Amino acid sequence: MLFALAAMPSEAKKPTEPEIDLVTWARQQSEQMPAEIDGIRIFRPNDKDADGKIRVTGFMDLPGVDTSHGFTAAYVAVADRLNPETDEVQTVDYDNRRFVVYREIVDGDGKDAAIYRFTTACQFTDGMMTFSSYDINIEYKEKGLIPRKLNIEKMKPATNERHKQLVEGFSTANSRSLDEVVKYIVGNKDIAVAHWDEIKQGKVVKGMNEAEVKLIGGAPRSVNRSGDRIQWMYSNDFIVIFSDGIVTNVIQ
């Protein structure tokens with residue numbers, strides 16, 4: 001006798017959930033997490049350009065700070081914090097009070113260490129600094145062993161815990177860097193600039209103050225002091241000498 005075998009219902013496949021876009025995930029994080037950590041406002045990835053490159057954009061209020069002072073103080077703050085081995089100011093637009101800086105920030109140590117590489121453009125208007133951080137690349141060790149370098153667009157923080165930690169780590173490090181600049185601007189309102197023509201020409205002249213020299217050459221590679229006389233060395237062919245904070249001689 002033949003028995004017809006009843007067709008067994010096939011096991012239903014679980015529908016796959018669509019992958020959450022990183023910017024969408026970051027927006028959800030911003031809604032769920034505190035807006036500030038240790039008093040620092042946290043800026044997470046929140047935008048994409050026409051090519052799909054992820055950016056962090058935003059603005060920071062500078063009450064009572066005019067455009068010129070905001071730009072000058074911010075540039076000095078950034079110049080003082082750059083690592084000459086890895087970082088650089090890429091462009092400076094003195095007329096439009098805008099600069100672009102490339103940075104590398106090392107976070108953590110050992111198997112948990114990460115290096116965040118990114119570029120930030122800062123623009124100043126009266127009472128405000130706007131910024132955009134982009135070209136974000138993160139170097140780390142997968143499972144604490146395998147070296148990885150990923151553009152942030154490749155990160156999957158919604159499903160990968162290590163990626164989540166890295167995106168949050170970058171967001172915190174970048175936000176802390178921006179916060180330091182703003183604090184410097186607000187805390188150094190006595191910075192004065194009177195040599196804009198020479199600064200635009202990239203020419204250090206007698207009578208300039210330290211901030212004006214940094215607007216041209218950034219922070220010096222070394223500083224030597226002798227009483228009230230200070231020597232800033234940029235190279236063997238570019239040395240600036242100050243007395244009481246004012247340039248008295250330029251060797252170049």
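Which residue in β12 stands opposite R229?

Modeller: That's S243: R229 has S243 opposite it in β12. Before going further, bear in mind that this is a predicted model, in which local features need pLDDT of at least 70, side-chain atom pairs count only at pLDDT 80 or more, and totals for chains, interfaces and linings use all residues. Residues are numbered from 1 along each chain as its sequence is written, and side-chain values use heavy atoms, with hydrogens and water left out.

On naming, helices (H or I, at least four residues) and strands (E, at least two) are DSSP runs, numbered from the N terminus. Two strands pair if DSSP finds at least two bridges between them.

Your R229 pairing belongs to the contact of β11 (residues 229–235) with β12 (residues 238–243), an antiparallel pair joined by 6 bridges. Another pairing between them sets S235 opposite F238.

As background, strands of a sheet pair through backbone hydrogen bonds, either parallel or antiparallel.

α5 leads us on to helix α2 (residues 67–81): the two pack at about 70°, and their axes are 9 Å apart. That makes α2 roughly perpendicular to α5 (under 35 degrees counts as roughly parallel, over 145 as roughly antiparallel, 65 to 115 as roughly perpendicular and the rest as oblique). The crossing of α2 and α5 is left-handed, the label used if the near helix is turned anticlockwise from the far one by less than a right angle, with right-handed for clockwise. On the α2 side you'll find F71, T72, Y75, V76 and D80, meeting A211, K214 and L215 of α5. Those contact residues split into 5 nonpolar, 1 polar and 2 charged, where Ala, Val, Leu, Ile, Met, Phe, Trp, Tyr, Cys and Pro count as nonpolar, Asp, Glu, Lys and Arg as charged, and the others, Gly among them, as polar.

The axes of α2 and α3 come within 9 Å and cross at roughly 125°. That makes α2 oblique to α3, and the crossing is right-handed. From α2 the contact takes H69, G70, A73, A74, V76, A77, V78, D80 and R81, and from α3 it takes E180, V181, Y184 and I185. By class, that contact holds 8 nonpolar, 2 polar and 3 charged residues. V76 and D80 turn up in the α5 contact as well as in the α3 contact.

Back to F71, which has an aromatic partner. The structure holds 13 aromatic pairs, meaning rings of Phe, Tyr and Trp (its six-membered ring) whose centres lie within 6.5 Å, with planes under 30 degrees apart counted as stacked, over 60 as edge-to-face and the rest as tilted. F71 and Y94 have ring centres 6.2 Å apart and planes at 85°, so this pair is edge-to-face. It ties together distant parts of the chain, 23 residues apart: F71 sits in α2, and Y94 in the loop between β5 (88–93) and β6 (98–107).

That loop belongs to a further hairpin, where β5 and β6 have 4 residues between them and R97 in the turn has a positive phi of about 55°. β5 and β6 run antiparallel and are joined by 5 bridges, with V89 opposite V101 of β6.

Terms used. Axes fitted to C-alpha atoms, helices over the stretch in contact; angles between N-to-C directions. Contact = heavy atoms within 4.5 Å.
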